[in-house]
Amino acid sequence: GSYALSSHKMPISAKKSRKSSPSAASASTSAGSRKLKRRKTLKNASEQGSAAEHKEEGRRTADEADEHDKADDDLDENEEFDDEELDDESEQSLVDDGSSDDSEDDAPRNRIGNVPLEWYKDEDHVGYDIGGEKVMRTLSTGEIDALLESKDNPDAWRTIRDHKNQREVVLTDTDLEVIRRIRQRMYPSLATDTNEMVEFDNPEAKIHPISRAHPPKRRFLPSKWEGMKVKRLLALLREGKIRPPPPPPPEVFDLWADDADKRRKGPPPLPAPKPALPGHAESYNPPSEYLFTEEEKKAWEEQFEEDRTISHLPQKFDALRRVPAYKEFITDRFKRCLDLYLVPRALKQRMNVDPESLLPKLPSPKDLRPFPTHIAVSYEGHSGMVRAVSVEASGRYLATASSDETLRIWEISTGRPIRSLKFSTPVTAVAWNPKHLLLSVAAEEGVFFLDPGLQILPEAGRKAGEDKEDDAEADEAEEEPPVLVSSLLNFQETPAEKPDADADGDGEAEEVKEGAKAKAVRWRAVEEDTSLYKLGCRLSIATDGDVNFLTWHHKGNYCAAVSPKARAPSNQCIIHAIHQQKSMRPFAKLKGGQQVQSCAFHPTKPHFLVATMKSVRIYDLQKQSQLKQLISGAKWISSITVHPTGDHVVVGSYDRRVVWWDLDFASKPYKTLQYHDRAVRCVHFHPGKFPLLAACSDDATVSVLHAKVFSDLMQSPMIVPVKRLRDHMINQGIGVLSVAWHPQQPWLFTAGADGRVYLWA
């Protein structure tokens, strides 16, 4: 306690003499008070020691107190120096050096906090320092040592023992002067001016304002908004709409009342799950089939305890009295107790929902027949991957294009090859004309219009397998004059003179030059002495890159060719007119710089659908304007097909998606289907009366979907997967490349990278 006084060192400016101070008259009284307070201070210092030291320290401190009293008397008698000398000494001793109140030497060494020192009375140390080392006992506690120290040390009367930190502290003159002033109920520092007042904030005495802004009006004018609010509140009070709050209910509790306050019930206690009841394996006399063999016993012992299906080995005993004690009984009971109070339990309400009601109500595939299920005919002969397949409009002939540089024409019903045309480069695309018996073929960096030299079906044979509606259509077709394929493929000299007059959609004429842009729209006649003429090629158009896709308009006059890798952006999609022998580039440049991947003609309207990498754009060919852009959400579109009604569009993508749009609604997809594990190469609607959709993929499978579209606009299309066709093989990471439907029958033609072509019926 006495050492705590020495730590409160405070700066003092000057010191006056006792004789000149107002307290000089009471010197004797202050001396007596110093004696009494010093005794109390030393007594408090001695109480910080151990309990065993109290008696010895008590006698020693009493002697020291007497000596200090004598020293104080001598100090009072010898105070005869002048006021100036006192002022000089006090200024030297009580000067404020600006340092901190506590130095490193005065910092507490013992870091045990408020722990009583009595707890260390039987130990050789009294605590621990900041580094964790023991603070050993270094102060002697004997009376003889204290007596000798008081005689030998002249500063013993001002030395205080710090038993907690085990060190001796010598009070300086400054400390003694501070203690003396505090004992006389004076300020510790002479520099303290009691009449001085500190101004913390006096805005009126400021010379320079903080801001240059004028004072706002709200400082000296009443707020009109507050006035309006007060008027409104007054009106509500007068009308009685605002009522004063009701008085609080009296805090009384009726001890004898019958109806107590309804308290909210807590959650019901959750019962612990009951352990499983023992079965035959836990019996002392189980059947023989429950007993383990040596191999099963060894396997059970090698398993981890968590993986075991049974916690013990089944054993067989003759009688119940022969059953020994279960050695794992205490362990099992302990685990059971752990499960009861450590495992959290929650009450879950079961939903009485039939799982079948969550599934969409789809009809059975048996009720959606007919659809292809098995291979009826296999067309063998190609040695490379078959890139494209096309069916003739009458349903009698099939054309296949392969990377083995051949174009083959097959008879569908028998699988007999009729023609085999050899080119110098791989054949990338092929398409039959829907009105005439001619082919458009993409090979040798060009598009060829080919006369296969096949006979037209007789009318009687064609009408034999058709219904009355087909007969009516055939009668209407008979009224039109028949056009011979040979006359249709004759080269016309007139359009050859200005081959690029109407080439662009803008209508701007270009000069005739042998550039990539001019070659793509220049028609040429195949010379008779060439091998291509012997194959049946009559007209040719040079292309700007390989053509990957060919498609005809339903009237048979226009053929669209798609070259995604064309050097000129306008040559990526070109429409060729077979009757006029002209070519048109509908797009000078697509917005966004995306490549054209596929295209399709609308079956009933003069609309043209172009599939880029991420979207589908619909154009009006008559108005030469864009009607709509369909956002797919796919990364790379591979193919496109249009429903025969013209109201629905489906595309396949290389990121395994099949995206369906309803053109009567928004530009976002109506539904996105994903039935394949790899890229979807081709999708195709059935062109006839059957509601079928086929999609082929690189996983060597073909998905057949029942896609029925209703005439009622309020009813959504019904899309049901009915069959997955698996017979193709994966070659070089590629599966099925192309599919096509028979025009009159629910038959599907598939062409794969394994060189096989199948008819599924």
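A residue is called buried under 20% relative accessible area, exposed over 50% and partly exposed in between, with a 1.4 Å probe and protein chains only. By this scale arginine 681 is partly exposed, at 23% relative accessibility. The model is predicted, so local features need pLDDT of at least 70 and side-chain atom pairs count only at pLDDT 80 or more, while totals for chains, interfaces and linings use all residues. Residues are numbered from 1 along each chain as its sequence is written, and side-chain values use heavy atoms, with hydrogens and water left out.

Side chains of opposite charge can pair when their charged atoms come close. Taking a salt bridge as a side-chain nitrogen of Lys or Arg within 4 Å of a carboxyl oxygen of Asp or Glu, the structure holds twelve. In one of them, arginine 681 meets aspartate 698, with the closest N and O atoms 2.9 Å apart. Arginine 681 belongs to strand S27 (residues 680–685) and aspartate 698 to the loop between strand S28 (692–697) and strand S29 (701–708), so this pair ties together parts 17 residues apart in sequence. Aspartate 698 is buried, at a relative accessible area of 6%. Helices (H or I, at least four residues) and strands (E, at least two) are here DSSP runs, numbered from the N terminus.

Another salt bridge joins the side chains of arginine 567 and aspartate 544, at 3.3 Å from N to O. Both partners sit in loops, arginine 567 between strand S16 (558–562) and strand S17 (573–577), aspartate 544 between strand S14 (537–542) and strand S15 (549–552); the pair therefore ties together parts that are 23 residues apart in sequence. Arginine 567 is exposed, with a relative accessible area of 66%, whereas aspartate 544 is buried at 2%. Aspartate 655 and arginine 657 also form a salt bridge through their side chains, at 3.8 Å from N to O. Here aspartate 655 counts as buried at 16% relative accessibility, and arginine 657 as partly exposed at 31%.

Turning to the strands, two of them are said to pair if DSSP finds at least two bridges between them. Four strands make up an open sheet in the order S6-S7-S8-S9, with antiparallel pairing. Its edges are strand S6 (386–391) and strand S9 (417–422), each of which pairs on one side only. From one strand to the next, the twist averages 15°. Strand S8 (residues 406–411) is joined to S9 by five bridges in the antiparallel sense, and isoleucine 409 stands opposite arginine 419 in S9.

Aspartate 620 has serine 625 in S22 as its bridge partner. The two strands, S21 and S22, form a hairpin with four residues between them, and glutamine 624 in the turn has a positive phi of about 55°.

Finally, the second largest pocket is lined by 33 residues, with Ser311, His312, Tyr326, Glu328 and Asp332 nearest its centre. A pocket is an open set of points on a 1 Å grid over the protein atoms alone, where a 1.4 Å probe fits, with protein on both sides within 12 Å along at least five of seven lines; lining residues have an atom within 4 Å of a point. Helix H9 (residues 329–342) gives the most to this lining, with seven residues.

Conventions:
Axes fitted to C-alpha atoms, helices over the stretch in contact; angles between N-to-C directions.
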